[in-house]
Every structure is written in structure tokens, then in C-alpha cells.
Amino acid sequence: MQFEVTAMTDVPCAPKRALKAAPADELLAIPDPRSDDRRPLRQPLHPDISEELIERLVRGFYEKVRADPELGPIFAAKIGDDWEPHLQKMFDFWSSITRMTGRYRGKPNAVHSRLKNVEPEHFLRWLALFRETTRDLCAPEVSAIFIDRAERIGESLQLTMFFDPANPGRILSLKETPT
Ligand code: HEM
């Protein structure tokens, strides 16, 4: 018996395509598959999310972080007194996540894994200050977008930093429980 072998690449519906890893910012900005989110890529997640809003949000948030008795010393130990480079990086980070600009090129999981003296509970405090800041500065539907992204990224950071199969309860859910 004879078989005719046709290369897959000759089949019209199987275009040749090189496999390429998605840039980190696109991975971070993957829409929630449970949501009915069909906007094309590279558009802000909401028309009100401007660079100016991101800058106000980030500056306001880190003011609180610096003054916080739990979080302040952890950041001070890494960042010292010159906060401007960190703030600029965080503008890029949130711009990539919420405006799809691709400006952030870092590796937050690797950076956080190297931090000492950070515990899962710190993420609860971080999120509490972040929620407070976004709710003070943004309309409810806009703050909901920032908070949702922070909760999901925070859980992913915790998994990289603290996952222990013998103690899966160490990872804390960051989703706000309805009151
Ligand atoms: C949802 C929660 C969090 C998000 C989205 C987040 C995001 C980020 C990002 C994007 C950076 C910049 C990484 C880079 O250098 O490219 C960063 C840096 C940093 N984060 Fe977080 N973070 C979170 C929670 C925390 C928590 C809970 C702590 C500690 C209590 C923390 C401490 C730090 C510190 C100290 C740096 C500076 C590291 C350095 O410059 O070496 N973060 N964070």
C-alpha cells in the first residue's frame, strides 16, 4: 500500500509561522477569560485611563507606601531616598498593563523573588493602600480595572515567591470579599 504524504505547510489553512514568546507586558495584560472582553489589543482598557491619571495614581500610592509602618521600611531598604527611577518604572508598568503601550520591559516576578523579609500579609496591606488610592482618584469603573489587575498580578507574584506544596494555604487570595 502506498501513502501520499503532504507536508502540513502546503495545506492552505496551516500558514508557516515562527513560534515567538509574547512580550511580558502582553502576558501581564491578558484579559480575564471569564470577561466578555473583545476590544482589540493596544487600546486603553478604559478611555479615562491617561498617562496623567497613571502618574497621579502611582505618585499618590507610593506616598502612602513610604509612610506605611509595615511597607515603608521594606521599600526604603531597596530604594533608598531617590524614588524617581522607581516611580518612572511604575508609570511604565501601569501604562503597559492598562494602556497596552508596551513600555515596561521588566521582570516583576524575578525582582520580587529576590526581596527579603516580605510575607504574603504584605500583599494584603499593599492592596489595601492601592484600592484606597485608586478609589480616591478614579471613577468606580476605572478603579475596578486597576484593582482587578493588581489583585491578579499580586497573586501571581505570591505564587512565585511563596508557593510551597506542603503549605498551599500560605498564598493569600487578594480578591476583596464583598461586605
Ligand atoms: C500586587 C502587588 C504588587 C505589584 C503589582 C508590584 C509591582 C512591582 C513592580 C512592577 C516593580 C518593578 C520591578 C522592576 O524592577 O522591573 C516592583 C518593585 C518593587 N516591589 Fe512590588 N509589587 C507588588 C507588591 C509588592 C509588595 C507586597 C512588596 C513588599 C512588601 C513589594 C516590594 C517591591 C520593592 C521593594 C520593589 C523595588 C525592587 C528593586 O528596585 O529592586 N511589591 N513592584
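Where is the place of Glu55? Glu55 sits in helix H2, residues 51-67. Helices here are DSSP runs (H or I, at least four residues), numbered from the N terminus. This is a predicted model: local features need pLDDT of at least 70, side-chain atom pairs count only at pLDDT 80 or more, and totals for chains, interfaces and linings use all residues. Residues are numbered from 1 along each chain as its sequence is written.

**Glu55**
- Glu55 counts as partly exposed because it has 16 C-beta neighbours inside 10 Å. The cut-offs are 20 or more other C-beta atoms within 10 Å for buried and 12 or fewer for exposed, with partly exposed in between; C-beta atoms are placed from the backbone.
- Asp92 is 37 residues from Glu55 along the chain, and their C-alpha atoms are separated by 9.5 Å.

**H2 and H6**
- H2 packs with helix H6 (residues 120-137) at an angle of about 140 degrees, and their axes are 9 Å apart. Axes are lines fitted to C-alpha atoms over the stretch in contact, and angles run from 0 to 180 degrees between N-to-C directions.
- The contact residues (C-beta atoms, placed from the backbone, within 7 Å) include Arg56 and Phe61 of H2 and Leu129 and Thr133 of H6.
- By class, this contact has 6 nonpolar, 3 polar and 2 charged residues. Ala, Val, Leu, Ile, Met, Phe, Trp, Tyr, Cys and Pro count as nonpolar, Asp, Glu, Lys and Arg as charged, and the others, Gly among them, as polar.

**Ligand shell**
- The ligand is surrounded by 20 residues (C-beta atom, placed from the backbone, within 6 Å); Lys78, Gly106, His122, Trp126 and Gly154 are the closest.
- The shell has 14 nonpolar, 4 polar and 2 charged residues.

Methods:
Helix = DSSP H or I, 4+ residues; strand = E, 2+ residues; numbered from the N terminus. Contact = placed C-beta atoms within 7 Å.
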